[in-house]
Structure formats: structure tokens, C-alpha cells
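Here is a short note for someone opening this entry for the first time. Please read the points with the model in view.

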Amino acid sequence: MSSGPGWRALAGVGAFLLALAVALLVDATNLPPPQAVGVGPTAAMRVVSVLLIVLSAGHFVAAWKARGVPFTPGEKANRVALAWVFGGLVGLIVWLQVGGGFILGATWLFAATATAFGQPLRIKAPLIGLVLALLVYAFFTQVLTLSLPAGPLERALFGG
């Protein structure tokens, strides 16, 4: 007996991930090439596509292995955890729409997701989220020269 997802669910997620990877690859081919020597915006999309293909293959393998195992439904979804993650996503979207910038929005998303996974909402999770958001913002804007939504904090730290 398996209490995890059934083989149909695993295969469905694998198919969705594969379709998403193909859509990203098609979009990457439609973008213009980089203007100068270096990494352009298509590089990140291709890396994400490859990772999605690997995840898709893993789901297909898990579905193949689970196809003969009888399925019993597991525990119900944790609605409070789902609400924290959904609230984090909504908060990020709203924060970006009002011009708050990527770093603080991503920090909120990280803290909300950490809370959903059982981390108490104290200083530790937002601090880790802030450091990661700063690193991601710096990498995308300074190394890859891509633009992310900038707010007052990003303008103060990175100019522009």
C-alpha cells in the first residue's frame, strides 16, 4: 500500500513539467541573441528548462514504479501551510505591483514559506530570506545584467 501520490498523479505532474519545459525552450528560441559576448536572457531559461526536464523524468520514473502499487489516500492537506504559501505569493505580487521591489518581496515570500514548513516566524527566517534575496538580485542584475523589479532598497544598494 502506498500513501503517497498515485501513479496517475505522478505521471500528470511529469507531463505538466515536461510541457512547461518545452514552452520555456520555445520562448528561449524566440528571444533575440545577446548583444555582446556573454550570457544572455536565454541562458537562464535553458537551464531552467533542463532542470524541469530532469524533474519530469523523475516523476515519470516514480509513476512507472508506482503503477502496480495499490493506492490509499494519505493525510489531508495542511490548509494553514497552504494559506501561508499562498499569502506569501500574493504578498510578493502586491509588493511588486506597488513598486516595493524584488528584495523585500522575495524576503516576505521566503519567510511565509518557511512558516508554512514549520519554522517559527521570528527573525531567523526573514534574515535568511533577505540574504538569499540580496544574492539573487545581485546575481541577476550585476552578473547576468537582467532586470528585476527595483524598489527603494534596490536603488539604494545598487543604484539606478
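**Notes on the predicted model**

1. Leucine 104 has 37% relative accessibility, so the residue counts as partly exposed. The cut-offs are as follows: buried is under 20% relative accessible area, exposed is over 50%, and partly exposed is in between, with a 1.4 Å probe and protein chains only. Leucine 104 belongs to helix H4. Helices here are DSSP runs (H or I, at least four residues), strands are runs of E of at least two, and numbering starts at the N terminus.

2. A word on the basis of these points. This is a predicted model, in which local features need pLDDT of at least 70 and side-chain atom pairs count only at pLDDT 80 or more, while totals for chains, interfaces and linings use all residues. Residues are numbered from 1 along each chain as its sequence is written, and side-chain values use heavy atoms, with hydrogens and water left out.

3. How confident is the predictor in the protein chain? Mean pLDDT (confidence in each residue, from 0 to 100) is 85 for the protein chain. A value of 70 or more is reached by 89% of its residues. Helix H4 (residues 102-116) has the highest confidence, with a mean of 92. Helix H6 (residues 152-158) has the lowest, at 86.

4. The protein chain contains six helices and zero strands. Read from the N terminus, the order is α-α-α-α-α-α. Of its 160 residues, 23% are buried. The protein chain exposes about 10700 Å², and 73% of that comes from carbon and sulfur atoms. Accessible areas use the Shrake-Rupley method with a 1.4 Å probe; for residues, only the protein chains shown count as cover.

5. Leu104 also has a place in a nonpolar surface patch, together with Phe86, Val90, Val94, Trp95 and Val98. Their accessible area together is about 560 Å². Helix H3 (residues 79-97) is the main contributor, giving four residues. Patch members have over 30% relative accessible area and no salt bridge; like charges are joined within 9 Å, and nonpolar side chains (Val, Leu, Ile, Met, Phe, Trp, Tyr) within 5 Å. A salt bridge puts a side-chain nitrogen of Lys or Arg within 4 Å of a carboxyl oxygen of Asp or Glu.

6. The largest nonpolar core consists of five residues: Phe102, Ile103, Ala106, Ala133 and Tyr137. H4 and helix H5 (124-143) each give two or more residues to this core. H4 supplies the largest share, three residues. A core joins buried Ala, Val, Leu, Ile, Met, Phe, Trp, Tyr and Cys residues through side-chain atoms within 4.5 Å.

7. Which residues does alanine 133 touch, leaving aside neighbours within four places in sequence? Its contacts (heavy atoms within 4.5 Å) are Phe102, Ile103, Ala106 and Thr107.

8. Serine 56 sits in helix H2 (residues 41-66). Its relative accessibility is 1%, so serine 56 counts as buried. Beyond neighbours within four places in sequence, serine 56 contacts Gly14, Leu17 and Leu18.

9. Alanine 11 is part of helix H1 (residues 7-30). Setting aside neighbours within four places in sequence, alanine 11 contacts Phe60 and Ala63. Valine 61 is 50 residues from alanine 11 along the chain, yet their C-alpha atoms are 8.7 Å apart.

10. Alanine 138 is in helix H5. At 21% relative accessibility, alanine 138 is partly exposed. Apart from neighbours within four places in sequence, alanine 138 contacts Val143 and Phe158.
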